[in-house]
Amino acid sequence: MTFARDRYGVAIVGAGIVGLFTAYHLRRAGAGPVVVVDRGFLSAGGSGRNGGGVRQQWETRATIRLAKESVAAYRRFGTEFGYNIWFRQGGYLFLADTAAALARLRTVHDVVRSEGLGSRLLGPEEVGRHVAGIAPGAVVGGAYLATDGTLYPFPAVWGLYETVRALGAEVVLGADATGVIVRDGRVAGLATSAGTITTPTIVNAAGGWSGEFSRRAGLDVPNVASRHEILATEPLKPFLDPMVVRPSDGLYFSQTMRGEIVGGVTVPHAPGTARGVPSSPRFLTAMARALVDLLPRLRDVGILRAWTGFYDDTPDGFPVLGEDPRLPGFVHANGFGGHGFMLAPAASRRAAATILGERPDLDPAEFGPARFAAGPGARAVEGLQLG
Amino acid sequence: MRRFRFGRGARSAPDGATILEALTDARLPSVVRSVRYHRPRAPFCGTGECAGCLVRVNGRPNVRACQTLVRDGDRIDAGNAVPSPRFDLLGVLDLAFPHGIDTLRGFRRPRFAVRAYQRVVRRLAGYGRLPPVTASPPPPPEPRDLEGRLAIVGAGPSGLAAARRAIALGVRPIVIDRGAIGDDLVGADRLGRTAATVLLPPRPGRDEAATLLGFDANGAGVRVRAGAVLLATGSYDAPLLFEGNDRPGVVTAELALRLLRRPLRPPFRRAVIVGGGARALELVTSLGDRTSAVVSAGEIPPELVRAASERAVPLYPRSIVARAHGRSSVRAITIARRGSGEDLELSCDAVVLAHRRLPHHPLLFQAGAEMRWEPRARAYYPTLGPGGATTVPRLFAAGSVAFVAPEAARASGEAAAELALGGDPAVPTAWPTPPVDEAWGADYVTELLGLPRRGKWVACPCEDVLLEEVEAAVARGYRGLEVVKRYTGLGTGLCQGRYCVPEALAVLAALEGRPPEAVGYLTQRPPVVPTPLGALAPFAGAFGQEVVE
Ligand SMILES: Cc1cc2nc3c(=O)[nH]c(=O)nc-3n(C[C@H](O)[C@H](O)[C@H](O)COP(=O)(O)OP(=O)(O)OC[C@H]3O[C@@H](n4cnc5c(N)ncnc54)[C@H](O)[C@@H]3O)c2cc1C
Ligand code: FES
């Protein structure tokens with residue numbers, strides 16, 4: 001594919017959920033012309049490889065607020081974007097396997113409640129009412145929020161793709177953004193494998209490759225790509241409503257509308273994107289162990305397939321949103337770790353707002369790209385990561 | 001004799017019979033309904049890959065009837081139907097939605113009804129039910145763990161020849177096959193009725209063993225570590241796209257032949273055989289007067305003409321299989337004569353697909369072996385050095401998965417075994433390749449897509465994805481197999497795309513106007529076939545920390 005023009009108001013690198021939502025908010029506000037470039041196929045990145053979990057239970061108020069706004073956006077998605085994302089609010093059930101883990105859930109629960117959400121702390125029996133067949137002694141308690149849920153990521157991508165194009169944004173697939181053209185210390189254009197375009201503003205929404213792209217622009221950023229694996233089982237009749245998560249080992253799983261159990265568990269991999277996205281026996285066996293130990297009756301359920309994607313991790317667990325002070329015109333919308341899908345609607349709106357010159361309602365100390373320069377100080381950390 | 005219960009009825013079966021064989025009595029058992037439209041389905045492949053024979057055995061969901069032996073006292077239930085697969089009330093869905101149910105864009109409005117839609121759709125989806133929660137689940141079957149110098153996957157002609165060669169060289173090979181392995185193979189560790197589903201090759205430049213993981217017929221985990229791995233995984237009967245191709249009675253040659261071998265009453269008397277090559281000849285010979293016609297896309301070779309005329313079987317060369325009729329079992333097919341466009345209805349009680357073989361290559365992809373598109377066969381095969389070395393260290397391939405002709409299968413197996421064990425076999429620069437009937441190629445598909453349609457054309461039976469949906473995706477600008485898969489769900493079902501992707505490649509090539517190799521392919525990921533969690537769990541922690549490179 002090639003570019004329809006040679007001059008754009010905004011060029012967005014990455015046609016994942018974040019890039020497309022950013023394009024949407026920009027076009028809605030009349031900014032333009034907007035082009036989104038992606039070197040892969042649609043949904044090739046994390047947006048086509050995730051677990052579809054959407055939760056509002058977080059350690060920090062800032063993340064909870066973004067998540068709440070995003071839940072509202074996903075509830076509206078079907079009527080606004082023409083595709084059914086099957087956002088099913090079956091709840092998120094956090095499991096604690098030790099007293100210490102339970103204490104942490106209690107702390108989270110207090111923050112979540114103080115943001116006006118009706119999370120509940122559960123004893124082992126109540127946990128058993130949500131998830132039948134948990135092995136005796138595996139759980140000492142849990143926390144539950146009924147309005148969390150799961151969705152199908154793909155139709156969200158299709159709906160946005162079609163909508164942004166209908167709103168006049170261009171989406172150029174198969175174009176690798178290779179570098180940034182800088183003039184007078186600020187962004188002047190974007191070099192791609194499909195040609196160079198002139199633009200005063202570039203949004204780095206490259207997901208797991210955002211660190212790579214920032215570095216191509218000469219910016220030193222702390223983003224680290226980490227490989228995360230996930231699997232799906234054979235489809236079963238419905239037996240599980242909530243997404244079940246266990247922070248102690250990063251286990252998460254839910255049952256999709258199609259009946260498959262989809263989930264993962266933390267298995268450390270070497271950082272970086274160099275090794276591609278193979279699936280490993282180490283993950284398959286670890287996930288099998290975790291599921292069977294927690295729910296013995298899953299023993300005969302077959303693993304149907306596994307796949308892999310990249311998290312885009314930041315040192316403090318918060319995304320990076322806003323213009324990079326070192327390179328005016330270069331806007332970050334990245335660093336979403338393992339939760340970019342659920343934050344995308346709200347976070348992308350903030351990224352777009354920066355470009356539209358609106359007053360940001362986020363604390364730059366928490367989300368701005370300059371925060372890392374100060375080193376790890378007394379800043380808040382969003383530590384409730386899974387997978 | 002084994003005594004078991006099927007639904008409410010008491011049944012018996014001869015020793016050593018699979019559940020499928022035990023349930024086949026002059027009629028293919030209909031044990032499952034399809035996921036979206038609750039169309040009646042019956043076994044299709046006979047090799048444990050399609051979604052046509054899933055039953056529940058003693059509470060275990062999604063058991064493949066064709067792969068599982070009947071045991072005394074088994075309680076077997078059909079799945080995904082109310083009250084039974086033959087009279088499933090939800091079958092009305094199929095009739096009520098002739099153009100399919102749009103789960104991508106439908107069910108969005110009104111917003112207050114969304115929760116109710118979700119509940120209904122959820123209940124319709126999925127195959128098996130989980131076993132009930134019990135206080136003390138039976139102990140998991142003991143895993144098996146083997147080590148050796150050479151592991152051979154596949155005990156067909158090339159795999160067995162390779163095993164014998166290894167034994168002759170003083171090595172005890174580990175031989176793994178999804179089916180039974182004859183006990184005449186002495187001197188090998190035989191893992192029959194075992195599926196090898198995950199392959200981790202040794203990393204380049206490292207002195208480490210390759211690891212295979214899998215499971216046996218009891219759901220027990222199996223791990224094999226070997227200095228070298230030889231993949232002789234063979235080939236399988238290709239699917240064919242036509243209207244009603246998912247109807248009970250449309251079966252692969254493999255399943256038809258299996259159902260003839262046993263002392264049971266074969267489930268067909270008037271089978272239409274589709275294909276014009278050696279496989280079709282094998283069927284005509286084996287089925288004898290149970291054959292009602294042979295239909296082929298191209299010309300029919302003299303040997304097949306002779307075999308057919310000896311049995312007074314009519315031949316229909318230069319024809320397109322357009323439509324299968326019948327709901328709970330096929331009763332006729334319509335063929336379109338190529339060129340003339342004339343339609344012909346042939347009555348039958350089975351349609352046997354014997355037109356094309358495809359390589360069983362997922363383990364090769366998984367291992368990261370370089371694969372090449374073979375334009376004549378329209379399939380991917382491994383790039384091999386002489387003797388069968390793949391591009392992955394200590395990974396070899398032989399036989400039909402390596403695009404070797406049947407008459408050279410044994411020799412290719414022997415050579416690969418010798419090479420794998422460090423020998424230097426004398427090999428030809430290239431093995432003869434299997435015959436390919438190119439009449440089933442791109443032109444056939446283009447003509448097929450132009451035929452009138454009356455009912456559903458199911459492009460992916462596992463997920464009930466319709467041809468219309470594939471066409472709509474392309475029309476909306478979604479291009480390439482990877483994206484169309486994600487858009488429609490095609491290829492994401494129980495068979496992992498084995499019975500839809502080959503045809504989808506041809507369809508997308510035609511719709512997108514580019515060659516099939518440009519349409520892309522699905523990444524083949526582990527496991528090759530669904531592998532029980534309980535089979536893999538025992539090996540957790542056995543793979544150490546990944547070395548940071
Ligand atoms: C296994 C797994 C499970 C997850 N589970 C969840 C979950 O349950 N809930 C949740 O909210 N999130 C989850 N996530 C995280 C979520 O998927 C991501 O945070 C989110 O999809 C990121 O979206 P994105 O648009 O930023 O990036 P992506 O979707 O990765 O898109 C980035 C795009 O940029 C393109 N690109 C990169 N570099 C260049 C370049 N130089 N030139 C051109 N194009 C380029 C890529 O091709 C890609 O398409 C999970 C992630 C993984 C891997
Ligand atoms: S037919 Fe099995 S996945 Fe498509």
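**View 1. Where chain B meets chain A.** In this predicted model, 71 residues of chain B are in contact with 66 residues of chain A, contact being heavy atoms within 4.5 Å.

Some housekeeping for every view: residues are numbered from 1 along each chain as its sequence is written, and chains are lettered from A and ligands numbered from 1 in the order in which they are written. Local features need pLDDT of at least 70, side-chain atom pairs count only at pLDDT 80 or more, totals for chains, interfaces and linings use all residues, and side-chain values use heavy atoms, leaving out hydrogens and water.

View 2. Six salt bridges turn up across the interface of chain B and chain A, each a side-chain nitrogen of Lys or Arg within 4 Å of a carboxyl oxygen of Asp or Glu. One salt bridge to zoom in on joins the side chains of A:D300 and B:R60, at 3.8 Å from N to O. The same interface of chain B and chain A also has 35 residue pairs in polar contact (both at pLDDT 80 or more). A polar contact is a pair of N or O atoms within 3.5 Å; within protein, one must be able to donate a hydrogen and the other to accept it, and residues adjacent in sequence count only if both atoms are side-chain atoms.

**View 3. The elements on the chain B side.** Elements giving two or more residues to the side of chain B that touches chain A include β6 (60–64), β11 (194–200) and α12 (481–488) of chain B. α3(B) gives the most, with seven residues. By class, this side of chain B has 38 nonpolar, 16 polar and 17 charged residues. Ala, Val, Leu, Ile, Met, Phe, Trp, Tyr, Cys and Pro count as nonpolar, Asp, Glu, Lys and Arg as charged, and the others, Gly among them, as polar. Helices (H or I, at least four residues) and strands (E, at least two) are DSSP runs, numbered from the N terminus.

View 4. β17 (residues 302–313) of chain A and β29(B) pair in the antiparallel sense over two bridges; pairing takes at least two bridges found by DSSP between the strands. Here A:I303 stands opposite B:T531 in β29(B).

**View 5. Two domains of chain A.** Chain A is divided into domain 1 (10–49 + 154–223 + 315–372) and domain 2 (89–148 + 224–313), with bounds from an automatic or database domain assignment. Their centres, taken over C-alpha atoms, are 30 Å apart. Domain 1 of chain A puts 15 residues in contact with 13 residues of domain 2 of chain A, and the two bury about 1,000 Å² between them. Zero salt bridges are counted between these domains, but there are eight residue pairs in polar contact.

**View 6. Domains 1 and 2 of chain B.** In chain B the assignment gives domain 1 (2–124), domain 2 (144–236 + 358–420) and domain 3 (455–537). Seven residues of domain 1 of chain B are in contact with five of domain 2 of chain B. About 550 Å² is buried between them, 31% of it from carbon and sulfur atoms.

Conventions: Buried area is the accessible area (1.4 Å probe) that two parts lose on being put together, summed over both.
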